[in-house]
Amino acid sequence: MKKKLFLIFGPLVLAAVLLAVVLVTPFNFTKPDSEEIHEASLSQSNNIFKGTAVKKAAFEQNYVPFMGSSELSRMDAFHPASMALRYHRDYQPFLLGAAGSQSLTQFWGMQGVNNELKNKKVVFIISPQWFVKQGINPAAFSMYYSNLEAVTWLRQANNSKMDRYAAQRLLKIQKNHSDSFLKDCIEQIANGKKLSATQKTYLDLKYNQLTHEDQFFSTLSLKNRVKKIKKASKKLPAKEDNAELESLATKLGEKATTNNDFGISNKFWNRELKDKYKRLKGEQSNFDYVSSPEFGDFQLVLNQFAENNNDVLFIIPPVNEKWSSYTGLSKSMLRQFDKKVTYQLREQGFNNILDLSNDGGKPYFMQDTIHLGWHGWLTVDKSVKPFLDGKDKFNKNNNYKINNYFYSDQWQKAEGQELNNIIK
């Protein structure tokens, strides 16, 4: 009987043991090929965002992180990936973020690839809509968060303000942890305590396991948007000419926005607004993007960029002016948001800012209510291209001066006269 049981279950037990050994061993087994990397760079897949293997391979090549949220999904002819493909730029965008991703998401997404990002250029799009009263939605955060990011970070975390704040925010946002041992480690860092030898050993083994799982499974079931970008890029003129591109942006924008008075694309209007726009009049009059924990989360991103010595182009997009007037979104509130986030950047040495906040009323600048469209992306390209053109232009002497004040509740909540007194 024992022999029969061994013959039945022995191979299963042996396979499980071998799998466990494979997962915890520190050696790498697979590396994504160029086709997988290119497909992943456009996929905006959660698995790619939460993993490290593909991103590491990409950032060791000519891929540049374009960090943002849902605007990266608006893949028209003037999208950064389309422009780079059509005109054979010496860089390729790697899209990091989609609907629901915000500053805290981007901070954790960097944790597995900070070594590969050191002294690299980054394009970062700041959405005003992130900065709502409650900050990032926990459910949205969970979509992009992984234990691999946390384990990688914990293995080098120390008693810095950035690490303590990151741990505290993680514990608040991610209340249900699948790994209680990992949660204990995060709590140690949040309280400014060192990890024990046992915890460090556990993290090393866990890191190997999660890394191998990422190598094996992260590229499965990717959204293949390569064809979509190729199709979009073919609409562009063969030769890069500013006058032709401007004319084409107007032509495409005009053709795509014929069924409403807000300059919103026909497809978006029919899908999202046609049946409900009348009851949305004045609905955004109480929206506030000035007082938000997002400013503290944004500080985490800036702190990480400074530690990596990243050369960053920050883009502040506008909102659709016709639509915001209709819904009652306060112009003075938007100006104060712009003033606040720009101050947080410049005070710490982040001076490379493309501020488009006043451009939301330009024809065909926006594709819908809040996302860049034809002329919007083209305007972005006029700053992105010179910023990324040539590796020799990297600013190696970024004079960043991180100020922990921007983590404070006072700064996060400051608005109105209080904010004016701080900024002066």
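The legends below accompany close-up views of a predicted model.

View 1. Ala40 has its place in helix 2, which covers residues 34–43. With a relative accessible area of 1%, Ala40 counts as buried, because that term is used for values under 20%. Leaving aside residues up to four places away in sequence, Ala40 touches Ile48, Val54, Phe94 and Leu222.

**View 2. The pairing of strand 1 with strand 3.** Strand 1, made up of residues 63–67, and strand 3, made up of residues 121–125, run parallel and are joined by 2 bridges. Within this pairing, Met67 stands opposite Phe124, a residue of strand 3.

**View 3. The largest pocket and its lining.** The space in the largest pocket comes to about 730 Å³. Its lining consists of 20 residues, and those that lie nearest the centre of the pocket are Met75, Asp76, Lys235, Lys267 and Gln367. Two or more lining residues are given by each of helix 13 (226–233), helix 14 (242–256) and helix 15 (266–273), and it is helix 15 that supplies the largest share, with 4 residues. Sorted by class, the lining of the largest pocket holds 9 charged, 7 nonpolar and 4 polar residues.

**View 4. The second largest pocket and its lining.** About 610 Å³ of space lies in the second largest pocket, which is lined by 29 residues. Nearest the centre of this second largest pocket lie Ser70, Gln129, Tyr289, Ile370 and His371. By class, 15 residues of the lining of the second largest pocket are polar and 13 are nonpolar, while 1 is charged. For a reader who sets this view beside the previous one, the corresponding count of charged residues in the lining of the largest pocket is 9.

How values were computed:
Residues are numbered from 1 along each chain as its sequence is written. This is a predicted model: local features need pLDDT of at least 70, side-chain atom pairs count only at pLDDT 80 or more; totals for chains, interfaces and linings use all residues. Side-chain values use heavy atoms; hydrogens and water are left out. Buried means under 20% relative accessible area, exposed over 50%, partly exposed in between (1.4 Å probe, protein chains only). Contact means heavy atoms within 4.5 Å. On a 1 Å grid over the protein atoms alone, a cavity is a set of points where a 1.4 Å probe fits but cannot get out, and a pocket is an open set with protein on both sides within 12 Å along at least five of seven lines; lining residues have an atom within 4 Å of a point. Grid points are joined across faces, edges and corners, and a volume is the space filled by probe spheres set on the points. Ala, Val, Leu, Ile, Met, Phe, Trp, Tyr, Cys and Pro count as nonpolar, Asp, Glu, Lys and Arg as charged, and the others, Gly among them, as polar. Two strands pair if DSSP finds at least two bridges between them.
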